[in-house]
Amino acid sequence: GLGKARDYFKDQDHLVLMNGDELIIPNKKNQVKEAFEFHKKSGNIATLLVTDHPEVGKKFGGVWTDAKQKVLGFGKQQVSGSVKGYHYTGVCFFSKKIFNYIPEGESNILYDNVMQALADQNKAQVYELSCSWHETGNEIDFKAATADCLNQIKNNTEEGKYLLEIIKQYAVNSEIIFDNEKALLYDK
């Protein structure tokens, strides 16, 4: 998909690519903004936003890095020379140079395009987010993410406070009511 949009980005030095089926709830403000600033200063062709997850290398493939957060590879199996596997949150910043590695037709942005760029001595790094992360691409995961978000709000966690700010900003006529174990978001 990104290859088909290359003309749209031709005048941009950097771009962000985000998966549409993932929910990231930062527990510190401005993390994504800070990550983008890091990316722009780094000279990286790619900066992947990652988080710790106990299922990396088991349920999920990982982003495998060296001690300096340099990306060495991707997958369920630990990559030779790597010291840590992170979970990819579905957010990545790219230099416009990535388009040199996206061929016509189908390819995978990480496994094919970023790996080819690394083989050509380009640099990619990870930027670790402090966040809650949820997959939402199916009904079960979507419901689990919704339940966790409502629980975060109900328990007044940092993530819950952030979610309330977002609701107030984008759903200005809405209110959340908690009644025993149920929650209701309604439009006033």
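Which residue lies over the face of Tyr86? That would be Lys84, at 5.0 Å from the ring centre; a charge sits over a ring when NZ of Lys or CZ of Arg is within 6 Å of the ring centre and within 35 degrees of the ring normal.

## Ground rules

This is a predicted model, with local features needing pLDDT of at least 70 and side-chain atom pairs counting only at pLDDT 80 or more, while totals for chains, interfaces and linings use all residues. Residues are numbered from 1 along each chain as its sequence is written, and side-chain values use heavy atoms, with hydrogens and water left out.

## The nonpolar cores

The largest nonpolar core has 25 residues, and Leu48, Phe94 and Val114 touch the most other members. A core here is a set of buried Ala, Val, Leu, Ile, Met, Phe, Trp, Tyr and Cys residues joined through side-chain atoms within 4.5 Å. Buried means under 20% relative accessible area, exposed over 50%, and partly exposed in between (1.4 Å probe, protein chains only). At least two residues each come from β3 (46-51), β5 (71-75), β6 (84-95), α2 (109-119) and β7 (124-128). The top contributor is α2, with five residues. Those labels are DSSP runs numbered from the N terminus: helices are H or I with at least four residues, strands E with at least two.

## Aromatic pairs

The structure holds six aromatic pairs. Rings of Phe, Tyr and Trp (its six-membered ring) pair if their centres lie within 6.5 Å; planes under 30 degrees apart count as stacked, over 60 as edge-to-face and the rest as tilted. Phe9 and Phe99 are stacked, because their ring centres are 6.4 Å apart and their planes at 25°. Phe9 sits in the segment before β1 (14-18) and Phe99 in the loop between β6 and α2, 90 residues apart. Both are buried: Phe9 at 17% relative accessible area, Phe99 at 11%. Together with Tyr8, they form one aromatic cluster.

Phe38 and Tyr127 are a tilted pair, since their centres are 5.5 Å apart and their planes at 50°. This one links helix α1 (residues 31-42) to strand β7 across 89 residues. Phe38 counts as partly exposed, at 30% relative accessibility.

## Ser95

Ser95 is in strand β6 and counts as buried at 9% relative accessibility. Beyond its neighbours within four places in sequence, Ser95 contacts Asp13, His14, His39, Asn44 and Ile45.

Terms used: Contact means heavy atoms within 4.5 Å.
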